[in-house]
Amino acid sequence: MGLWVLAHECGHGAFSKNRKLQDTVGYILHSLFLVPYYSWQRSHAVHHRYTNHMELGETHVPENMNNEDSTALYDSIELRKSIMDQFGEETGIKVWGGLQAFLHLIIGWPAYLLIGATGGPDRGRTNHYFPNPLTEPKQPKKELFPGNWKEKVYQSDIGVAFVAAAALAWAVCDGPAEMMALYGGPLIVVNAWLVLYTWLQHTDVDVPHFSDNDHNFVKGAFHTIDRPYDKLDPWGVIDFLHHKIGSTHVAHHYDSTIPHYKAQAATDAITENFPEIYLYDPTPIPEALWRVCKGCAAVEKRGEYYIWNNKDVKDELL
């Protein structure tokens, strides 16, 4: 999992001053995770530029109850209410939370790569392996892979295809069970971990989202959330092995070129100088994840901001 963080830093230009070395390491590591390197480099930069942006955000953009043109497969608020009516409030909210955990942690990452799941609506449906929009974007000038990025997407596909072919050959020669035990299964775990981290970095029941008229880079960066991953074990080993990517993420969004080994110093500077706007939630990670699963279904516009709608859920159930 720590390798994902290093791959991530290559995409940001924070791994090495040597561009060729950085792109080589990033390309190899991303390909091993079946993620096209340059595609992700571009989409992740867009995510940083438009964090918590309702129309152009690239990941974890919530369902908008005020959007009559929504392409969502179902109305999340209505489905949650229906489940709670059928199973009772206490059991129903647990069923809903379990469903959201499965959809995000297991289905979420491949769905994002293949169809741009949880991406902003104004770019249309996107695919990280194919550079052209799958559906007509509302803002064509904001398409995800413009100009020279299209060629880079195809360059990235070569590495992914090579690793996928190697995995298939492994399964044919030594059996799918061995391949899944040593590669496929761990990859699913890593993907779930990746979604868990990013979901909790940008989502909670009291964190708003913004429209184009009210969004800017700094506001998006400071609505990122740091969490106590250093408390997951008594020695902070998990946070150390993950290069503190979850406990120093606000600083990373403020300046993504800061290498992970300087991120704690940057975080300390932010907490000292901007304590009134720095977001840190001390809630234990499992509890915070469960709260997000239950309480982050869809947003509605209240004043200038988009706020999570939990009118049908009692506070004590979240």
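This is a working chat about a predicted model of one protein chain.

Colleague: What average pLDDT does the chain have?

Modeller: The model is predicted, and the chain averages a pLDDT of 93. Of the residues, 98% score at least 70.

Colleague: Where is confidence lowest, and where is it highest?

Modeller: It is lowest in helix H9, residues 237-241, with a mean of 88. The highest value, 97, belongs to helix H6, residues 149-174.

Colleague: Let's stay with H6. How many residues does it have, and how far does it reach?

Modeller: H6 has 26 residues and reaches 38 Å from its first C-alpha to its last. That is close to the 38 Å expected at 1.5 Å a residue.

Colleague: Which residues of H6 are buried?

Modeller: Val153, Ser156, Asp157, Gly159, Val160, Val163, Ala167 and Ala171 are buried there. An α-helix has 3.6 residues a turn, so residues three or four places apart point the same way.

Colleague: And what do the buried residues of H6 pack against?

Modeller: They pack against helix H2 (19-32), helix H3 (37-49) and H7.

Colleague: What comes just after H6?

Modeller: Glycine 175, which takes a positive phi of about 100 degrees.

Colleague: Which residue other than glycine has a positive phi?

Modeller: Threonine 118 is one of them, with phi near 70 degrees. Another is lysine 244, where phi is about 55 degrees. Most residues other than glycine have a negative phi.

Colleague: Where is threonine 118, and where is lysine 244?

Modeller: Threonine 118 sits in the loop between helix H5 (89-115) and H6. Lysine 244 is in the loop between H9 and helix H10 (249-254).

Colleague: Why does threonine 118 count as partly exposed?

Modeller: Because its relative accessible area is 32%, and partly exposed covers the range between under 20% for buried and over 50% for exposed. Lysine 244, at 33% relative accessibility, is partly exposed too.

Colleague: What about glycine 116, where is that?

Modeller: Glycine 116 is placed in the loop between H5 and H6. It counts as buried, because its relative accessibility is 7%.

Colleague: What does glycine 116 touch?

Modeller: Not counting residues up to four places away in sequence, glycine 116 touches Ala111, Arg125 and Thr126. As for alanine 7, glycine 116 is 109 residues from it in sequence and 20 Å from it in space, C-alpha to C-alpha.

Colleague: Changing topic. Which residues form the nonpolar patch on the surface?

Modeller: Phe102, Ile106, Ile107, Met180 and Ile188, with about 430 Å² of accessible area together. H5 and helix H7 (176-202) are the elements that give two or more residues to this patch. The largest share, three residues, comes from H5.

Colleague: Take isoleucine 106. Which helix is it in?

Modeller: Isoleucine 106 lies in helix H5. It is partly exposed, at a relative accessible area of 40%.

Colleague: Now salt bridges. How many are there in the whole structure?

Modeller: A search of the whole structure finds 14. One of them pairs glutamate 89 with lysine 314, and their closest N and O atoms are 3.3 Å apart. This pair links distant parts of the chain, with glutamate 89 in helix H5 and lysine 314 in the segment after strand E4 (305-308), 225 residues apart.

Colleague: How accessible is glutamate 89, and how accessible is lysine 314?

Modeller: Glutamate 89 is partly exposed, at 37% relative accessibility. Lysine 314 is partly exposed as well, at 42%.

Colleague: What does aspartate 281 meet in a salt bridge?

Modeller: The side chain of aspartate 281 meets that of arginine 291, at 2.7 Å, N to O. Aspartate 281 lies in the loop between helix H11 (263-273) and helix H12 (285-295), while arginine 291 is in helix H12, 10 residues apart.

Colleague: Are aspartate 281 and arginine 291 buried or exposed?

Modeller: Both aspartate 281 and arginine 291 are buried. Salt bridges that share partners join Asp204, Arg227, Asp281 and Arg291 into one network.

Colleague: And what does aspartate 230 meet?

Modeller: Aspartate 230 meets lysine 231 in a salt bridge, at 3.2 Å, N to O. Aspartate 230 is partly exposed, with a relative accessible area of 30%, whereas lysine 231 is exposed, with 59%.

Notes. Residues are numbered from 1 along each chain as its sequence is written. This is a predicted model: local features need pLDDT of at least 70, side-chain atom pairs count only at pLDDT 80 or more; totals for chains, interfaces and linings use all residues. Side-chain values use heavy atoms; hydrogens and water are left out. pLDDT is the predictor's confidence in each residue, from 0 to 100. Helices (H or I, at least four residues) and strands (E, at least two) are DSSP runs, numbered from the N terminus. Buried means under 20% relative accessible area, exposed over 50%, partly exposed in between (1.4 Å probe, protein chains only). Patches are made of residues with over 30% relative accessible area and no salt bridge: like charges are joined within 9 Å, nonpolar side chains (Val, Leu, Ile, Met, Phe, Trp, Tyr) within 5 Å. Accessible areas come from the Shrake-Rupley method with a 1.4 Å probe; for residues, only the protein chains shown count as cover. A salt bridge is a side-chain nitrogen of Lys or Arg within 4 Å of a carboxyl oxygen of Asp or Glu. Contact means heavy atoms within 4.5 Å. The expected span of a helix is 1.5 Å times one less than its number of residues.
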